[in-house]
Amino acid sequence: WNPGILPKSGSLLQSFPKLQAHANAAKKAVYSNPQRSLTPRQRAAVKRAYDRGDLGQARSRYRRYVGQRIDANFKTRVKNDPSLGHLEVSKSGQRLPDVYETKTKTWWDLTTKADWKRGTHQRRYGDWGNGYEGILW
């Protein structure tokens, strides 16, 4: 996080710790019972790959789907937090950061530490605005 590119005070600066807390809670909720957290279609897709003996594909799908469920849980939590009402939340699959503030084009994106280090999110949204941070799970 680079506080030099974000306001020194106010609601945007206070947003990051709240967003990270929601990410931590979403991860905990999904990881407490990941099989139950997956949608029926997601569970069926993992099972199909497993049943045909494609364990690599089964693991890949499982990890991707768990990440998608953490994303969905996180976004629901952010939308339902009145103290974050000044922020917008993108829909799943939309080519926008997960959470953003339109006036300043400040954004945050939920991802893994490894993916953030690769820079894919920064490259994808870097020109969208001048302030960003990874919300890591």
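How many helices and strands are there in the chain? The chain has 6 helices and 4 strands, where helices (H or I, at least four residues) and strands (E, at least two) are DSSP runs numbered from the N terminus. This is a predicted model: local features need pLDDT of at least 70, side-chain atom pairs count only at pLDDT 80 or more, and totals for chains, interfaces and linings use all residues. Residues are numbered from 1 along each chain as its sequence is written, and side-chain values use heavy atoms, with hydrogens and water left out.

**Overall fold**
- From the N terminus on, the order of elements is α-α-α-α-β-β-β-α-α-β.
- Of the 137 residues in the chain, 39% are buried. Buried means under 20% relative accessible area, exposed over 50%, and partly exposed in between (1.4 Å probe, protein chains only).
- Among contacts (heavy atoms within 4.5 Å) with a separation of 6 or more, 59% join residues 24 or more positions apart.

**Nonpolar core**
- The largest nonpolar core holds 22 residues. Such a core is a set of buried Ala, Val, Leu, Ile, Met, Phe, Trp, Tyr and Cys residues joined through side-chain atoms within 4.5 Å.
- Leu19, Phe74, Val78, Val99, Trp108 and Ile135 touch the most other members.
- Helix H1 (11-32), helix H3 (40-51), helix H4 (55-79) and strand S3 (106-111) each supply at least two residues of this core. H4 gives the largest share, 6 residues.
- Leaving out residues up to four places away in sequence, Val78 touches Leu19, His22, Leu84, Val89 and Val99.

**H3 against H4**
- The two helices, H3 and H4, pack at an angle of about 165°, with axes 7 Å apart. Axes are lines fitted to C-alpha atoms, for helices over the stretch in contact, and angles run from 0 to 180 degrees between N-to-C directions.
- H3 and H4 are therefore roughly antiparallel, the term for angles over 145 degrees.
- The contact involves Gln42, Ala45, Val46, Ala49 and Tyr50 of H3, and residues of H4 including Leu55, Ala58, Tyr62 and Tyr65.

**Trp116**
- Trp116 sits in helix H5 (residues 113-118). Trp116 counts as buried because its relative accessibility is 15%.
- Trp116 and Ile135 are 19 residues apart in sequence and 9.0 Å apart in space, C-alpha to C-alpha.

How values were computed:
Parallel < 35°, antiparallel > 145°, perpendicular 65-115°, else oblique.
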